[in-house]
Amino acid sequence: MPSRNPTTVAVSAPGKVLLAGGYLVLDRQHTGFVFGLDARINVIAGEIRTTEGVQLTEIVVDSPQFVDAQWRYGYHLAPEGGGIKVTQLQIGSKISPNPFVETTLSYALTYIDRATTSHHSHSITSSRLIILADNDYYSNSGSADHLGGRFPKFDVTLGDANKTGLGSSAALVTSLSAALLLHYLPRELFDITSEKGKRTLHNLAQAAHCAAQGKVGSGFDVAAAVYGSCRYTRFSPDTLSKVPEPGAPGFADSLVQLIDGEVAWDVEVAKDEVKMPDGVVLRMCDVDCGSKTVSMVKKVLAWRAQDPAGSKQLWDHLQQRNEDLVATLKQGDTDQLPAKLTAVRQLIKKMGVASDVPIEPDSQTELLDAVSGVDGVYGGVVPGAGGFDALALLMKDDTETKQRVEKFLEEWALTKGTKVKLLAVKGEMEGARQESLNVYSGWI
């Protein structure tokens, strides 16, 4: 059996923005065009050092940017092929569950164990995992200490932090899964740079993310975290239907069959279909007003059920306009971008009216129309499921345009009495990758 790599490793995975294909990406007949973002969730995995003769069976997970953000887990091999069962250990007087971390540990460690050992014992040694989030994953009102450089320190618990909707849970599950695979498996069993390695990571992260959420989503956020910017066609929801709970009889075999492709995945990820022209950048605006995405999705799907013919016609037209927008980006025809963005927005607005869902609310329409008039801005959309909390802008990638937009938004916020700002985050093409440990000096 190959020996595993005991060294400390680091992995990062990007956030995402669904530029085109909100709601449509839920249906296999349609696609989503998702861009990765250069704000990343980083995970460092290493051994726990103990004094000689002391043995631990414990996984320690730290998120040192936040208050009281440590989770400790015991683990054991469950009977009847139940895989590695993870149990949270109490620290002090309370337990703060972290389902994304706990579920990912169970899934990843079970897969790793099956890849390296017989069915009668496990080879998992204790480890420590450190999670670090780049700037812009969380909004803050003067509560962050930016003196630490790339990774700000917040004076709140993780549960009290305000997310900006960049896809932190998918990026976390992906980077955590990849860090565990790299830490415990030799390169011949897992290579993050190979197509096979990316497929393994994608399947594992999709399964763990859906289990942690308690529902089967479209998966575009995990696909972006693994592969980066891409055209995405979702997998059939029943792909994941045969995997029992971690610890339940047969979990390990079902999971390995799922991850290694014995269960057919009909997902389609096309990296070469999405491109950003030279001199154009995708930027995000954070609008300080949240949206309840789940209830919005339910209402849109209810409208589709009530008006199948009308909704199909609208979605087919919107799919075509999305394709036209992305083709224009790929061709680098920036003169056509404003018209293509407007055409997409018209049908998104129409879908919102038909379903009585604020996909592009009037306040966002007003802001998008106004900011699109700033010199150097091609236009924008309310990305993903829409709502009140974010905008995606396509603009010239230069300092002057950025400064004009920042000045405009500052004046807009003062005039309207709202909070809106341009985030530092930019679109990028690359997905999950191994990082140099030098990046994390002072944190490990």
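How are helix 3 and helix 4 oriented relative to each other? Helix 3 and helix 4 are roughly antiparallel to each other. This is a predicted model: local features need pLDDT of at least 70, side-chain atom pairs count only at pLDDT 80 or more, and totals for chains, interfaces and linings use all residues. Residues are numbered from 1 along each chain as its sequence is written, and side-chain values use heavy atoms, without hydrogens and water.

**Helix 3 and helix 4**

- Two packed helices are described by the angle between their axes and the distance between the axes.
- The axes of helix 3 (residues 195-213) and helix 4 (residues 220-227) come within 9 Å and cross at roughly 150°.
- Helices (H or I, at least four residues) and strands (E, at least two) are DSSP runs, numbered from the N terminus.
- Axes are lines fitted to C-alpha atoms, for helices over the stretch in contact, and angles run from 0 to 180 degrees between N-to-C directions.
- Angles under 35 degrees count as roughly parallel, over 145 as roughly antiparallel, 65 to 115 as roughly perpendicular and the rest as oblique.
- Ala, Val, Leu, Ile, Met, Phe, Trp, Tyr, Cys and Pro count as nonpolar, Asp, Glu, Lys and Arg as charged, and the others, Gly among them, as polar.

**Helix 1 and its partners**

- Helix 1 (99-116) and helix 5 (residues 251-259) have axes that come within 10 Å and cross at roughly 85°.
- Helix 1 and helix 5 are therefore roughly perpendicular to each other.
- Their contact includes S106 and R114 of helix 1 and F251 and I259 of helix 5.
- It divides into 7 nonpolar, 2 polar and 2 charged residues.
- Helix 1 and helix 2 (residues 168-184) pack at an angle of about 30°, with their axes 10 Å apart.
- Helix 1 passes helix 2 in a right-handed crossing.
- F100 and I112 of helix 1 and L172 and Y184 of helix 2 are among the residues in this contact.
- The contact of helix 1 with helix 2 has 13 nonpolar, 3 polar and no charged residues.

**Cavity**

- The count comes to 1 cavity of 30 Å³ or more.
- On a 1 Å grid over the protein atoms alone, a cavity is a set of points where a 1.4 Å probe fits but cannot get out, and a pocket is an open set with protein on both sides within 12 Å along at least five of seven lines; lining residues have an atom within 4 Å of a point.
- The largest cavity holds about 100 Å³ of space.
- It is lined by 16 residues, with A20, G21, G22, I348 and G384 nearest its centre.
- Its lining has 12 nonpolar, 4 polar and no charged residues.

**Second largest pocket**

- This pocket holds about 370 Å³ of space.
- It is lined by 19 residues, and T103, Y107, A211, E245 and P246 are the closest to its centre.
- Helix 1 gives the largest share of the lining, 4 residues.

Note on methods. Grid points are joined across faces, edges and corners, and a volume is the space filled by probe spheres set on the points. Contact means heavy atoms within 4.5 Å. A crossing is left-handed if the near helix is turned anticlockwise from the far one by less than a right angle, and right-handed if clockwise.
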